[in-house]
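Hi everyone, thanks for making time. I'd like to walk you through a few spots in this structure, so please have a look at it with me.

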Amino acid sequence: MKDSIHTYVESLIKERSPLFQEMEHYAQENGVPIMELAGIEVLLQLISMQKPCKILEIGTAIGYSAMRMADVLTDVQIVTIERDEERYEQAIKNIKQSQYGNKINVLKGDALEIIEEVKKFGPFDAIFIDAAKGQYMKFFELYTPFLTKDGYVYTDNVLFKGLVAEENIENKRLRNLVGKIKKYNEWLVNHEDYLTTIIPVGDGLAVSRKTK
C-alpha cells in the first residue's frame, strides 16, 4: 500500500481510548511490535462478525491486541501467550489498569513448549498468530487441533513490510526470515483444510477459515 494511502486510511480511524493511545505510544517508544492501526481495525471488524467465544493469541507483547479484541467482544475469553519476561509483566500491568481483566488470561512461556497447558483452555473459536515469524507454521500445526469446527486463524505480518515481494535481500538473516514467511504463506493458501485470504492491510493479515 502506498504511504499516502496508508496515511489517509489511518487518518480516518477513530481515536482510541487514553489507555490504548498510551500503549501505542509506549510500543513506539520502546520498539515493541504491535499491530498497525489499519491492520487491527480489520481484525476487529472480522472478529466482531465472527463473534468467537474463545480466542487463543500467540504473542501477547504488552497486551494491546488482546485488550482491543476484548473491547469489541462482549462475551469472550482470551488466552494469550508471552515468553518475554518484561513484556509479560507490562501486559499484566496494562490489563490490570483496564476493564478487561476478567476476559484475558496471560500465560508466560514459549508457545512451542506449553501446548498441554494451553489445551486445558480450549477448544478455541479463533486463533491469532502474532509471535516469532519464523515459527508460524509450527504454531499453526501445534494449535489448530484445538480449533472448533468453522473456526478461524488470523496471522499478522504475512507481508512483512513488503519484503515478501522483493527478489534480492542482501541481509542473510532477513532473507532467511522472509523465506520462511513466504513458505508459510504458500503452504497456508494451499492447505486443503482451510480457505485462506491474505489481506494487504497493515503488515499483511492472513485470514484462514477451517473447512474440514
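Let's start with Asp203, which is buried (under 20% relative accessible area, where over 50% is exposed and in between is partly exposed, with a 1.4 Å probe and protein chains only). Asp203 has no salt bridge, a term that here asks for a side-chain nitrogen of Lys or Arg within 4 Å of a carboxyl oxygen of Asp or Glu. The nearest side chain of opposite charge is Lys161, 4.5 Å away; Lys and Arg count as positive, Asp and Glu as negative, and His and the chain ends are not counted.

Before I go on, please keep in mind that this is a predicted model: local features need pLDDT of at least 70, side-chain atom pairs count only at pLDDT 80 or more, and totals for chains, interfaces and linings use all residues. Residues are numbered from 1 along each chain as its sequence is written, and side-chain values use heavy atoms, leaving out hydrogens and water.

So where does Asp203 sit? You'll find Asp203 in the loop between β6 and β7. A polar atom of its side chain lies 2.5 Å from the backbone nitrogen of Lys161. Leaving aside residues up to four places away in sequence, Asp203 touches Glu36, Asn157, Val158, Leu159, Phe160 and Lys161, where touching means heavy atoms within 4.5 Å.

Now to the salt bridges themselves. The whole structure has 5 of them. In one, the side chains of Arg16 and Glu24 meet at 2.9 Å, N to O, and both residues are buried. In another, Arg68 and Glu41 meet at 3.1 Å, N to O. Arg68 belongs to helix α4 (residues 64-72) and Glu41 to helix α3 (residues 37-50), so this pair ties together parts that are 27 residues apart in sequence. Arg68 is buried, at 6% relative accessible area, while Glu41 is partly exposed at 29%.

Finally, please find helix α8, residues 172-189. Which residues of α8 are buried? They are Leu177, Val178, Ile181, Tyr184, Asn185 and Leu188. These residues cover an arc of only 115° around the axis, which puts them on the same side of α8; the arc is taken from the directions from the helix axis to the C-beta atoms. On the other side, Lys172 and Lys183 are exposed. The cover over the buried residues of α8 includes β6 (194-199) and β7 (205-210), and the loop between β6 and β7 is where Asp203 has its place.

Technical notes:
Helix = DSSP H or I, 4+ residues; strand = E, 2+ residues; numbered from the N terminus. Expected span 1.5 Å × (residues − 1). Polar contact = N/O pair within 3.5 Å; in protein donor to acceptor, adjacent residues only side chain to side chain.
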